[in-house]
Amino acid sequence: MAMSEGYLPFHPNPKKPDYQPPAGAVDAHCHVFGPEAEFPYAPERKYTPCDAGKDQLFALRDHLGFSRNVIVQASCHGKNNDALVDALETAGELARGVAVVGKDITVDELKRLDAAGVRAVRFNFVKRLVDTTPWEDFVSIYEKIKPLGWHVVVYFEAPDMEGLKPLLAKFSDSIVVVDHMGRPDVSKGVDSAEFQAFVKLMADNPNIWTKVSCPERLTMTGPDYDDVVPFARALVEQFSDRVLWGTDWPHPNMSSHVPDDGVLVDVIPRIAPTEALQKKLLIDNPMRLYWEK
Ligand code: 0GY
């Protein structure tokens, strides 16, 4: 199956970052796509990506100077987590996973995912990526994963946050990780009501974490990412024990530019300016959440 029209494949030869991550650093948001011949894309998908398999992901990890990955099931694979599980089984202790499952998932299947290294489910609310799922389904999945000690990863865009608060409140016994800082409109500024509502959500709910990731998706100015840095830095400084960082490789659905992953790594010291903050962001927080369950 051909890639979606206009789909931009990932950067073929990212630069070696100038910033060297500390030994043991975790890329806590990345994906594997296919390869389609082995792991076909889901019939219900909204886009067909460029194949981006586990070997390419692990080569990128080494090239960028990272030690571990948290691999997140993406919508193009639907609820079939086979490519994710295969990558996790290859990586062993060097990767953990976030799966997407349906409300009819069995306990045995959840245990199989857990044994492979899955530690969370992802609930996706981005309308261009998935069809709507009834809230009761998310709640029943949540009840099933709780005994395993898993947490919840949510992906939504800023205008949808307010309406989702009652659902997020139902997950208050677990950690809830919000992808990509809740997708703020960075042109509005850090002090905007929109972003400050997200800061307040985190301040009011100590179980809510976020990924200070995806400058490439959020920027309006381009790959210096100057307009995104203040958002991520504000969150790292205020919530240093509840932030994660990831490349988002292989960057599905980019239209403005193809990010160079080495350039993305060089953003880290601008959002986490001290060694102590970098260690929390890249090692302590992801290790606590994904490896020390
Ligand atoms: C991301 C972002 C995107 C895609 C997905 O599940 C997905 O397909 O998460 C996006 O298009 O914004 O985190 O990879």
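This is a predicted model: local features need pLDDT of at least 70, side-chain atom pairs count only at pLDDT 80 or more; totals for chains, interfaces and linings use all residues.
1. Ring pairs join F123, F125, F138, Y142 and F171 into a cluster. The structure as a whole holds ten aromatic pairs.

2. One of these pairs is formed by F123 and F171. The two rings are tilted, with 5.5 Å from centre to centre and 55 degrees between the planes. F123 belongs to strand β4 (residues 118-124), while F171 sits in the loop between α5 (161-169) and β6 (176-178). F123 and F171 are both buried.

3. A second pair is made by F195 and F231. Here the arrangement is edge-to-face: the centres are 4.7 Å apart and the planes stand at 70 degrees.

4. R68 lies over the face of W291, at 5.2 Å from the ring centre.

5. Strand β4 also contains R122. Is this arginine buried or exposed? R122 counts as buried because its relative accessibility is 7%, which is under the 20% cut-off. Its side chain is joined to that of D179 by a polar contact of 2.9 Å. When neighbours within four places in sequence are left aside, R122 is in contact with H29, H31, V72, Q73, A74, V98, A99, V100, V153, Y155 and D179.

6. Two packed helices are described by the angle between their axes and the distance between the axes. For helix α2 (residues 82-91) and helix α3 (residues 107-116), the axes come within 9 Å and cross at roughly 40 degrees. On the α2 side the contact is made by D82, V85, L88 and E89, and on the α3 side by R112, L113 and A116. Of the residues in this contact of α2 with α3, four are nonpolar, three are charged and none is polar.

7. The backbone has some points to check by eye. Most residues other than glycine have a negative phi, and most peptide bonds are trans. The bond from G34 to P35 is cis, with omega near 5 degrees. P35 lies in the loop between β1 (26-30) and α1 (54-64).

8. Another cis peptide bond joins W249 and P250, with omega about 0 degrees. P250 is found in the loop between β8 (243-244) and α9 (261-266). That loop between β8 and α9 also holds D248. The phi of D248 is positive, about 70 degrees, although D248 is not a glycine. With a relative accessibility of 1%, D248 counts as buried.

9. Where does C214 lie? C214 is in the loop between β7 (208-211) and α7 (215-218). Its phi is near 75 degrees, a positive value in a residue other than glycine. C214 counts as buried because its relative accessibility is 1%.

Terms used. Residues are numbered from 1 along each chain as its sequence is written. Side-chain values use heavy atoms; hydrogens and water are left out. Axes are lines fitted to C-alpha atoms, for helices over the stretch in contact, and angles run from 0 to 180 degrees between N-to-C directions. Helices (H or I, at least four residues) and strands (E, at least two) are DSSP runs, numbered from the N terminus. Contact means heavy atoms within 4.5 Å. Ala, Val, Leu, Ile, Met, Phe, Trp, Tyr, Cys and Pro count as nonpolar, Asp, Glu, Lys and Arg as charged, and the others, Gly among them, as polar. Rings of Phe, Tyr and Trp (its six-membered ring) pair if their centres lie within 6.5 Å; planes under 30 degrees apart count as stacked, over 60 as edge-to-face and the rest as tilted. Buried means under 20% relative accessible area, exposed over 50%, partly exposed in between (1.4 Å probe, protein chains only). A charge sits over a ring if NZ of Lys or CZ of Arg is within 6 Å of the ring centre and within 35 degrees of the ring normal. A polar contact is a pair of N or O atoms within 3.5 Å; within protein, one must be able to donate a hydrogen and the other to accept it, and residues adjacent in sequence count only if both atoms are side-chain atoms.
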